[in-house]
Amino acid sequence: MDWSTIIGVSLFASGVQLAMPTALAAVGETVCERAGVLNLGLEGMMLTATLAAFVAAYYTHEAALGVLAGVLAGVAVGALKAFLSVFLKTDQVINGIVIVIFAQGITAFAYERLFGGLSTQPEIAPLHDVRLPGLADIPWLGPVLFDQDALFYVAAVVALSVWLLLFRTRFGLLVRAVGEAPAAADSAAVHVDRVRLFALLVCGALAGLGGAVLIVGDISLWGPNVTAGRGWVAVALVIFGRWNPLLVLGGALLFGITDALQLRIQAASGGTTAAVPFEVFQALPYVLTLVVMVAATVASRRSAQPAVLGIPFRKGVSE
Amino acid sequence: MRSTALRVTVLLAATLALAGTALAGSGGAQQAKLEVALVLPCPTNDGSWCQQGYVAAKRLQKEGVIDLKFTSNAPQDTPGASQVIQRYVAGGSQLVLAHSAWQDAAFSAAKRFPNAPIVYAGGGKVGGNVSTYEEPIYQPAYLAGMLAAGITKTGVIGGLAAFDIPLCHAQMEAFKLGAKRVKKSIRQITTYIGDWNDVAKGKSAALAAADQGADVFVVCGGGPASGLISAAKERNLSIFGYVGNQNGLAPKHMVGSLVYNLYPVFKAIVADVQAGKYKGKVYDLGLRSFTFALNPKYSAGKIPPAVMKQMKATQQAILAGKFKVPYIPK
């Protein structure tokens, strides 16, 4: 086996590309879970955003507007989730799953309505083909901004900002307070439900960005269930990253790069004819994630999970 | 006032409709149309699996052979799909074409409606009034492999598949055997990504194989196929389309498409039902139902004329029944 073709710059690039949509959604999920809302609708948020991004980019021929539409669609689903979980106080596990099923149905339906008459599969111009006159010609900065690997910097900046938001700002303090002790926060005149609403909108925006990146930054087309379970992986990554945005980003990258690695090992070892069955490689990202999670949990001993995760806040009712 | 006008309109429309039916009925000397229901697991415009089924059924409807009702995006699970099939049978459909690997759903529906002709896709068990139609994609894949051997500059070709199921496995093996028939030294890299829908992962897998030198690809699965198209444009790869005629999606890169043509299949099933000859059996039309469509606009590589000639001769031999493509399901 020729290892030099397996491990290299392109491994990192394709790993980052596989990881980015999941990473952004997972960092978003960290925010709302820190506020005490378990958002299992993440897959639905991402999926809705993928279609919104695709439709906007298709009709306006502007990939950047696709990204914006994806973010807005994510925020809209975040608002729906907030309406169900924060204001109606329905069961968060159930309403999350409902959102995913709803999104799967509505996106497939809308896509068929919008593009059903076309004889070929519609496509959009990918982000890296878009050249803003002047900007792309700036030395160094131009290529970085318009290179696909620039996604890594975007995600890193986002994760760092979310970390700063959570741990270095007043808003972050409020988010963590309503996730750990909502009754105490309430007695200190914090509007618990309002903070949770904002946390869900931030989560929606980031999940939407993740969905948009998948379409506009990578594959340029849309198909039913195009997110293929990335939202669920992102929910698991939040636990993996112990509700810390930077660790969550690290986990997402680890998962993505291992996934890219297993595809490359499969290719290099001759696929099905290899001595080691390819299923072993396919399981690699999941096994590695599980091992790191167990090791990290055992090592730190203390649970990092927000105390009231998944429990709606009712004023004057003790939990 | 308005409601009166509405009532009059409705009455008028109803009268007209009645008159129309009566007129049509009076000329009804020819054979009655067969009430056919088509159940699809995906949208009718997916450019692939469901579109092929839909287009074939629509054509029979246009020809006046059948009356078509259809459901797209039907539930994939056995109880869900079985419900949809049963609803059509109860509603008077004389033939249900369940266009997915719905063997269990077909048999569960047949338990309640043993006399209804129910046909599912992909091959498997048959019995009673339950039939299936084969999906012999390995046959055109063999022809594609022959061309791939002529096109590749590196001597490495690629196979990209969703899952290691008999359908995909046989296709990948046939592609390899076809290539080796033209050039013994060809090496094939086959990657299984483990998902039918994941476009991004399909693309990533294709790029990984391309890094290993693969420059001509065949694919099994809708998601991987879309990913492969995207990868082909990025790396100037030569590829083959999957299930639908995808030549137009990447005109420069598509050497040709492995096209599932369901029209002759559905036509044969409908004819059997209409003639009263229908019983549970396997419909397999080989290379007539899974055809090989060359792309005249292909320009990413060169197909040596000798290889093209050899491929066409093999195609004729298969159609004439003189050559059998090896079927290696695992």
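1. A word on terms before we start: helices here are DSSP runs of H or I with at least four residues, and strands are runs of E with at least two, numbered from the N terminus. With that in hand, chain A of this predicted model reads α-α-α-α-α-α-α-α-α-α-α-α along its sequence. That comes to twelve helices and zero strands.

2. Staying with chain A, buried residues make up 50% of its 319 residues. If you look at contacts in chain A between residues at least 6 apart in sequence, 80% of them join residues at least 24 apart.

3. As background, most residues other than glycine have a negative phi. Asn225(A) is not a glycine, yet has a positive phi of about 55°. Ala228(A) likewise has a positive phi, near 50°. Where do they sit? Asn225(A) is in the loop between α9 and α10 (230-240) of chain A, and Ala228(A) lies in the loop between α9 and α10 of chain A.

4. Are these two residues buried or exposed? A residue counts as buried if 20 or more other C-beta atoms lie within 10 Å of its own. Ala228(A) has 23 within 10 Å, and so is buried.

5. Now for the contact between the chains, which takes 34 residues from chain A and 33 residues from chain B. On the side of chain A that touches chain B, α1 (9-34), α4 (92-115), α9 (192-219), α11 (245-268) and α12 (278-300) of chain A each supply at least two residues. The largest share, six residues, comes from α11(A). By type, this side of chain A divides into 16 nonpolar, 15 polar and three charged residues.

6. Chain B brings in a sheet. Six strands form an open sheet in the order β2-β1-β3-β4-β5-β11 (chain B), with parallel pairing. At the edges stand β2 (66-71) and β11 (282-283) of chain B; each has a single partner strand, so one side of each is left without a neighbour in the sheet. Further in, strand β1 (residues 34-39) of chain B runs parallel to strand β3 (residues 95-98) of chain B, and four bridges join them. One residue pair to pick out is Ala37(B), whose bridge partner in β3(B) is Val96(B).

7. Helix α2 (residues 49-62) of chain B packs on this sheet, touching β1, β2 and β3 of chain B. The direction of this helix makes about 155° with that of β2(B).

8. The domain assignment of chain B gives domain 1 (31-133 + 263-288) and domain 2 (138-260 + 300-319). Taken over C-alpha atoms, their centres are separated by 30 Å. Nine residues of domain 1 of chain B are in contact with twelve residues of domain 2 of chain B. On the domain 1 side, these residues divide into two nonpolar, six polar and one charged.

9. Finally, the largest nonpolar core has 202 residues, of which Ala53(A), Ile85(B), Val96(B), Ala98(B) and Ile118(B) touch the most other members. The helix that gives the most to this core is α9(A), with 18 residues. Why does the core lie between domain 1 and domain 2 of chain B? Both domains give residues to this core, so it lies between them.

10. Leaving out residues up to four places away in sequence, Ala98(B) touches Val39(B), Ala81(B), Ile85(B), Ala105(B), Ala106(B), Ile118(B), Val119(B) and Tyr120(B).

Terms used:
Residues are numbered from 1 along each chain as its sequence is written. Chains are lettered from A and ligands numbered from 1 in the order in which they are written. This is a predicted model: local features need pLDDT of at least 70, side-chain atom pairs count only at pLDDT 80 or more; totals for chains, interfaces and linings use all residues. Two residues are in contact if their C-beta atoms, placed from the backbone, lie within 7 Å. Ala, Val, Leu, Ile, Met, Phe, Trp, Tyr, Cys and Pro count as nonpolar, Asp, Glu, Lys and Arg as charged, and the others, Gly among them, as polar. A nonpolar core is a set of buried Ala, Val, Leu, Ile, Met, Phe, Trp, Tyr and Cys residues joined through C-beta atoms within 7 Å. A residue is buried if 20 or more other C-beta atoms lie within 10 Å of its own, exposed if 12 or fewer, and partly exposed in between; C-beta atoms are placed from the backbone. Domain bounds come from an automatic or database domain assignment. Two strands pair if DSSP finds at least two bridges between them. Axes are lines fitted to C-alpha atoms, for helices over the stretch in contact, and angles run from 0 to 180 degrees between N-to-C directions.
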